[in-house]
Each structure stands twice: as C-alpha cells, then as structure tokens.
Amino acid sequence: MAQWNIVRTSDAVWLAPGEPREIESDLVSRFQEEYGRAASGTWFAPGRANLNGEHIDFHAGRCLPLALAHGTYVAAAPRTDSQLRMRTLDASLDDGVSTVALDQIGPAAPHAESPDPSEVAELPTGDAEHWSHYVTGVLWALRELGRTQPEFQLEAGFGADILVISTLPIGGGLSSSAALECAAMMAFVALGTPLGLQNPLQDLNAALTRENRKQLAAACVRAEVEFVGAGTGGLDQTIAMRARPGKVLSLDCRDFTVQPLDIGCILRGYRLIAVDTGEAHRLADGKFGDRRADAEAAAHLLGFTRLRDALPEKPRKADVTHVLEEFDRLAEQLESLDGRSIPACRRRLRHALTEMVRSEKLHHLLSGEAYGVRHVTSTVGDILTAGHMSMRDDAEVSFEVADLIVETALAHGAEGARLIGGGFGGSVLVLISPAAIPRLSAAFERISRNIRLLDVVPSAAAHAL
Ligand code: GLA
C-alpha cells in the first residue's frame, strides 16, 4: 500500500514518524487550499503497539500497550451550521470531501445512560466502512457525553471542516482507527465544548484531567462500537488518550485503571520494531467478531459475563487448566455452544486465559514485583513469542506472512516476536538487538516486498500541537 512517509535505507523500508511541526505546517497549508480558510489548529493522536493482551480487553483482561511516535494528525476549523466536512490526504482512502449533516444523525441517537443497540444512530451514508464514519461517530459520541458532562457540551449548531493525514499504515494493526478517532475527538473538544473554548490550544493539553481523558477514550469506544459497528474493547482508545512517554501502560480492563510502567529495563541494548506485513486488516468484516463470539459462548457456559472473573487475582497456569477442565465437564453432553463448534470455543477460551496469565506475569515483571528475574528482556521475549503461538493456534487470528515473520525474526536472534492487534492482517512486534536488524530486514524483504518497519518508541498521548 502506498504510504507517503516511506524512508528507504540500504537494507529496509521504514515508515518514519516524521517531524510533527513540519507535518503540521504542511497540513495547515493544505487545509487552506482545500477549504479556503485557515485551520484553527492541529491535533495528534498516536497509534499503538501491545506487548501482551490481545483479544482480551473485551473480557476484562489486562493489556500492556504503548503509544507510538507515529499517529494521525487532524487540522480543523469550526462551523456553525451542523455540517461536518472531512477529507483525508491518505492516498489509499482519499475520495474527496465527505459531508455529513449532523442534525440528521441526532434523533435516533441513544442517551449516554441507556445505550440500546436497537436505537443506534442512523448512519449518514450507505457505506459503513468509509473512514469518515469514525469521525462522524466521534462527534456523535461527544454530543452524547455532553448530555451528562457540562464541560463537554457541544455548542448548538457545532460542525467542523477537517483534514486528516497519518503516518500509520492504514489497517496495519497499529490502531490507525483509534488514532483517527482520538485526534478528531481532541479537535472537537477544543473547538466546540466549554472546556476547549475556555482554554487556548496548548493549555487544553494541561486542562484535560486524567478523568477527562478516560471519559473521552470511553466516548471514542462508543463511537466505534455503537456507531461504526466494530467490536473494539477499548484497548486502542485508552492508550491513544492516556499514554505516557517512555512508558508501557498496564491497563486493567476490569475498570480501565492504568499504571504506567517503565520499559527501560527491556530496551537496554534492544529495540522494539513493528513489522507491517502490508496485509491490511478490517475489524468490521466479521472474523474479529466471530472469534470474540466463540470466547463469549465459552464464558457463558462457564457462567461468567467477563472471562477475567474465571481466574483468581494472581492467575497461574494451573488455574487455566482448572477452568478448561470445568469447560470440558460442562460441554461433555453438548453438541454445540450457541450453534458454535465446541473445540473452537475451547481454543478461544484457552487463548484468552493464557493471554491473561501472560499479561499478569508481564505486569509483575515490569512493575518490579517479580524479584529474582535476571534476564528481563529474554523473559519478555519469551512471553511475546508464546503470545504469538496462542494467537496462531488458539485464537486463530494469525496468517501466513505474520507466522513467517515471527519464525524469521526468531531465527535471526530476536528475543521474541508476536502478531499484535486484532489479527487477520496487520503487524508483528519484534524485540531484537539493533545489530541484528540489517540482516533481519534483508530476510523480511525476501518474504514480501510490502513489508515496512516502524521504530517503536514509547510516546505521548493525544494532544494539541
Ligand atoms: C482491535 C480492537 C481492540 C482489541 C484488539 C485485539 O485493535 O480494537 O479493542 O480487541 O483488536 O487485542
């Protein structure tokens, strides 16, 4: 897929995060050309990598994501006629300006306190896959949030012109959707709510409290789940809104509390790189939801609404065995689970439970609670690789190129490697010493010419530039 921020070195093709001020100034002049007026500002939200915790955010598990320096930039200016005009500069998505009349997506929208899927907002155009739905959904969700939170109440007639550009590969499993949602959310808050209007751009970064960021992340989740119809669990929006530079967030999805943990101990002498396979994934295409439904059927059989509750506070492998035995006992006389294959549901269950155990282990390791671990990096590497095997064999969300990349990385001395994100396309995270990268990237080139590398540098949350 064509990407504008490609940097070719002698041994690899990298996607650069770019220089934010340069990207901003370019975007702002393109905005002037497109809309014939000045942008009021530019907002950025990062993509993410995840050390562990895939396909378990919606089961209330723990995830360990970190924000990338790569992300999505939104330049915007307010309107007073309830119109939202949107264009992206990403060549693979750009089809000119999309216009939505916001008063037409209003009446069917549910109230924040009574989300009822049967009352979901009407989609403004026929194409639910169009990128602009994520942006429209965010404005709808902010309007809903404003009903209960006065500081986020949008001005009557609020609308906006926006222009988007991203340094993330679209559909690359690095959370390009959430980066778009969160950057747009920042723009709308800044331009249309009391909190934004009372605080000049730079001050808004400081004015947003941690609780505000948590609320805005939750609103972006509503946009994606209720408006776009993708089954996100909140991992991506949380890291985009609440990341801390230099840290991995230990995110407990039972209550969405976060604990920033130092990642320096892993990266001493090592690098994390994200390998974009060039095979784009789509969350709204059904396979993601299908895997999730298998695991939910297993949870249902076990009598849990959240699979995390099937394990004790500090789970170990033996606890997983115990739950699987219980599942086998309950499923013994059944032919299917809600019409789903019992062995498949069991594999999804095993992925979710073992992934939860890996997350807890990582959390304890990185928070310094696991004394006596001498080789932190190699232990983290082993957890990454075990996570991949589980994505491949139990969650069954991996694919040929991703498996080949993991194998190749390990054969070239990587400490660990795994598929990250929702799967069925996307990126592999590799932990490796810098000296090994040239030979490894040459080997990647032999797997596919579409592979792109991104340096994973733990970066900051969504902000105004
Ligand atoms: C996507 C979803 C997230 C999460 C991951 C898999 O990125 O948006 O909520 O479920 O897949 O871990």
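Visitor: Where is the place of Glu155?

Guide: Glu155 sits in the loop that links α2 (132–148) to β8 (159–166). The model is a predicted one.

Visitor: Why is Glu155 called partly exposed?

Guide: The relative accessible area of Glu155 is 47%. Buried requires a value under 20%, and exposed a value over 50%. The 47% of Glu155 falls in between, and therefore the residue is called partly exposed.

Visitor: With which residues is Glu155 in contact, leaving aside its neighbours within four places in sequence?

Guide: Glu155 has contacts with Gly192 and Leu197 once those neighbours are set aside; contact requires heavy atoms within 4.5 Å.

Visitor: What makes Asp394 count as buried?

Guide: Asp394 has a relative accessibility of 7%, and the cut-off for buried is under 20%. Asp394 therefore counts as buried. Asp394 lies in the loop between α12 (376–393) and α13 (400–411). Beyond four places in sequence, Asp394 is in contact with Arg347, Arg348, Arg350, His351 and Met389.

Visitor: Is Thr88 buried or exposed, and how do you know?

Guide: Thr88 has a relative accessible area of 3%. Since buried means under 20%, Thr88 is buried. Thr88 belongs to strand β6 (residues 83–88) and, not counting residues up to four places away in sequence, touches Leu93, Asp94, Trp131 and Val164.

Visitor: What makes the pair formed by the side chain of Thr88 and the backbone nitrogen of Asp90 a polar contact?

Guide: A polar atom of the Thr88 side chain is 3.0 Å from the backbone nitrogen of Asp90.

Visitor: Why is strand β11 described as largely enclosed by the rest of the structure?

Guide: Strand β11 (residues 271–276) has six residues, and five of them are buried; the strand is therefore largely enclosed.

Visitor: How do you know that β11 pairs with β13 and β14?

Guide: Pairing requires at least two bridges between the strands. Six bridges join β11 to β13 (residues 427–432) in the antiparallel sense, with Ile273 and Val430 as bridge partners. Four bridges join β11 to β14 (residues 452–455), also antiparallel, and there Val275 stands opposite Leu453. Both counts meet the requirement.

Visitor: Why are β7 and β15 called edge strands?

Guide: The open sheet has six strands in the order β7-β6-β8-β5-β3-β15, with mixed pairing. β7 (98–101) and β15 (463–464) each pair on one side only, and are the edge strands. Within this sheet, β3 (residues 41–50) and β5 (residues 65–79) run antiparallel and are joined by nine bridges; Arg48 stands opposite Ala67 in β5.

Methods. Residues are numbered from 1 along each chain as its sequence is written. This is a predicted model: local features need pLDDT of at least 70, side-chain atom pairs count only at pLDDT 80 or more; totals for chains, interfaces and linings use all residues. Side-chain values use heavy atoms; hydrogens and water are left out. Helices (H or I, at least four residues) and strands (E, at least two) are DSSP runs, numbered from the N terminus. Buried means under 20% relative accessible area, exposed over 50%, partly exposed in between (1.4 Å probe, protein chains only). A polar contact is a pair of N or O atoms within 3.5 Å; within protein, one must be able to donate a hydrogen and the other to accept it, and residues adjacent in sequence count only if both atoms are side-chain atoms.
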